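Work through the exercises below with the sequence and the model open. Each task is followed by its solution.

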Amino acid sequence: MAAEAMPAQTASETYILGIETSCDDTSIALVTSNGKVQAIETVSQFDIHAGYGGIYPELASRAHVAAILPALETVLDRSAVSLAQIQAIAVTRGPGLIGALLVGINTATALGLAWDKPVLGVNHLRGHLRSAELEGHKVTYPAVVLLVSGGHSLIAHMRSPHDMVLLGQTRDDSVGEAFDKVARMLDLGFPGGPIIDKLAAEGADTMGFPRPMLHAGYEFSFSGLKSAVRRAIELDPALSRPDACASFAAACFDVLIKKCERGLTETKASSLVVVGGVAASRPLRARMQDLTERLGVTLNLPPAQWAPDNGAMIALAGWDLWRTKNGSLDDQTPIAADPSLSLEKL
Ligand code: KG4
Ligand code: ZN
């Protein structure tokens, strides 16, 4: 459970309550229109899924049911925000696990009825994009956006916040998924990203793993790299875990850096946005910093604790919808869960 310190608030400030339950984090947050996170509570399910080496969907749904109301209570108690200050409730409607999404949507719908507040269905991927603007940072456009999470790996060109062209995405595994699977092969635990990230700092890139699709366009492919790690383990089951982690992470990051560099050069975008759970990686953040300094463009990263899934980014994306609808309650329809909602859709 992760509780954040409470910034000062004034009675005139207004908030959106963000609810995120698309995968294995139950997260609820109160966020102002300019991205100040007043209170957040995130309950992760790592212990529940650790034994399976990945997310077990039915267990995820049940854990969301158990966690969501206590998390809500914690956020409301801790924030001292009155109901009158809450403008709307924003909830992830997709993409994600259907059962998990429904727990958030049903809770948001019930709260909307009980509190007489509008409920806004948010695209989780749009939430990740907005995570770079939490705590008052402003993304400048045109931008190249790299989204690297457990569910997605894609690169897009955004001429403005509302004008997005997908440049490429993964043909197979996402980066986060590859981290999780490699960690499983090395018996390191779940989720793999933070564990590999930590161990890699003690090792070196000595294993010569391939850099898949480095020189080809904007698509990614990580399954060959994963197989290369598997072969290395088969050849030497006692291989150095830190070196294997450092070599695997370096191969992934070389590809990500190259695609971002290509995107920035070809589109002439003046800023780079890197979001999603993998954007919590310290070495990736440092390498993106070097890249953007070298190219003379602005780097936009979410605060590291809000790179992985959280309710704050959903609330901030909810503010976009709120502005679009101008706060109107007239066109409220039931929020439909969409497990495969794409980035282009709101
Ligand atoms: O964005 P996220 O929380 O969930 C999805 O929307 O999928 O991303 C989760 C992914 C996991 O695969 C996890 O291993 C990875 O992000 N991750 C990391 C780090 N922290 C989380 N990967 C590399 N380094 C990290 N520090
Ligand atoms: Zn996510």
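**Exercise 1.** How many helices and strands are there in the protein?

*Solution.* The protein has ten helices and eleven strands. Helices (H or I, at least four residues) and strands (E, at least two) are DSSP runs, numbered from the N terminus.

The model is predicted: local features need pLDDT of at least 70, side-chain atom pairs count only at pLDDT 80 or more, and totals for chains, interfaces and linings use all residues. Residues are numbered from 1 along each chain as its sequence is written, and side-chain values use heavy atoms, with hydrogens and water left out.

**Exercise 2.** Compare the radius of gyration of the protein with that of a compact globule.

*Solution.* The radius is taken over C-alpha atoms, and the globule rule is 2.2 Å times the number of residues to the power 0.38. For 346 residues the rule gives a value near 20 Å; the protein has 20 Å, so the two agree. Along the principal axes, the C-alpha atoms fill a box of roughly 60 × 45 × 35 Å. Of the 346 residues, 54% count as buried (under 20% relative accessible area, with a 1.4 Å probe and protein chains only).

**Exercise 3.** Which residues of helix 4 are buried?

*Solution.* Helix 4 covers residues 124-131, and eight of its eight residues are buried, so the helix is largely enclosed by the rest of the structure. They are His124, Leu125, Arg126, Gly127, His128, Leu129, Arg130 and Ser131.

**Exercise 4.** Where is Ser153 found, and what does its side chain reach?

*Solution.* Start with the element: Ser153 belongs to strand 8, residues 153-160. Next, the accessibility: Ser153 counts as buried because its relative value is 2%. Its side chain reaches the backbone nitrogen of Val175 at 2.8 Å. Last, list the contacts (heavy atoms within 4.5 Å). Leaving aside neighbours within four places in sequence, Ser153 is in contact with Leu147, Val148, Gln169, Thr170, Ser174, Val175, Phe220 and Phe222.

**Exercise 5.** Is Thr292 buried or exposed, and what does Thr292 touch?

*Solution.* Thr292 lies in helix 9, residues 282-295. With a relative accessible area of 1%, Thr292 is buried. Not counting residues up to four places away in sequence, Thr292 touches Leu272, Val297, Thr298 and Leu299. As a distance check, Thr292 and Cys252 are 40 residues apart in sequence and 18 Å apart in space, C-alpha to C-alpha.

Key
Chains are lettered from A and ligands numbered from 1 in the order in which they are written. Buried means under 20% relative accessible area, exposed over 50%, partly exposed in between (1.4 Å probe, protein chains only). A polar contact is a pair of N or O atoms within 3.5 Å; within protein, one must be able to donate a hydrogen and the other to accept it, and residues adjacent in sequence count only if both atoms are side-chain atoms.
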